[in-house]
Amino acid sequence: PNSKGAEQIGFKYDGKAVTDFFARCEKGEVEGIVVFGQDLFSLYPNVGATHASPLQRLKWSRFIGPNHNLMSEYASLALPSAVHMEKDGTFTNFEGRVQRFDRALDPIGEAKPEWRILVNLARQTGLHLHYDRADEIFKDLALSVEAFRGLDYEALLNERGNPLTAPPSSLLVSFKPDSPLHTQGEVIERL
């Protein structure tokens, strides 16, 4: 859902790079991997969750995600992350539009936002990341990445002070081609 934002900060899907990564794992050239929510075994069936898997050659593997999958079982350590409704942040849609979302629920159990998990892992390795809130990360992003330059976390709110997100799912919405969104006869603001 945030592949455009990932691309804008320098991460771009490259099938050859993925194949090369697995080949490097097979040769023992990769020590470890951190996987965010994805099940590599489903995405890349050639890898296979068997003892012949290139990932078996890793010294360590970390899975950070909100849901159980084969990769979370395989990882030497699985860390529970919060789901979308349990964290603050932004995402960039396919059109390049940056949208803010705010936490609606407290995370369940030990789950934390991914950024918080990374800050904690960094501190355990002696690297100090000075982030305590999602807006601090966004501020640095806006200062260092051209696609986000000039954007302000607080400005990513509508005129009522609500985050720019989709309307609540409890609204009954009817879609008509080439017309505004309607709910029970009222036009929903285009956010």
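Okay, let's start with a pair of side chains: Arg100 forms a salt bridge with Asp102, and their closest N and O atoms sit 3.1 Å apart. By salt bridge I mean a side-chain nitrogen of Lys or Arg within 4 Å of a carboxyl oxygen of Asp or Glu.

Quick housekeeping before I go on. This is a predicted model, so local features need pLDDT of at least 70 and side-chain atom pairs count only at pLDDT 80 or more, while totals for chains, interfaces and linings use all residues. Residues are numbered from 1 along each chain as its sequence is written, and side-chain values use heavy atoms, with hydrogens and water left out.

Back to that pair. Arg100 is buried, at 7% relative accessible area, whereas Asp102 is partly exposed at 28%. For those words, buried is under 20% relative accessible area, exposed is over 50%, and partly exposed is in between, with a 1.4 Å probe and protein chains only.

How many salt bridges does a search of the whole structure find? There are 11. One of them joins Arg123 and Asp132, at 4.0 Å from N to O. Here Arg123 is partly exposed at 34%, and Asp132 is partly exposed too, at 45%.

Then there's Asp135 with Arg133, where the closest N and O atoms are 2.9 Å apart. Asp135 comes out partly exposed at 21%, and Arg133 is partly exposed at 45%.

Three strands make an open sheet, ordered β1-β2-β3, with parallel pairing. Strands here are DSSP E runs of at least two residues and helices are H or I runs of at least four, numbered from the N terminus; two strands pair if DSSP finds at least two bridges between them. Which strands are at the edges? Those are β1, residues 32-36, and β3, residues 77-80, each pairing on one side only. From one strand to the next, the twist averages 15°.

Zooming in, β1 and β2 (residues 60-65) run parallel and are joined by five bridges. If you want one to click on, Phe36 has Ile64 in β2 as its bridge partner.

Last item: helix α5, residues 114-124, lies across β1, β2 and β3, and runs at about 150° to β2. Contact means heavy atoms within 4.5 Å. The axes are lines fitted to C-alpha atoms, for helices over the stretch in contact, and angles go from 0 to 180 degrees between N-to-C directions.
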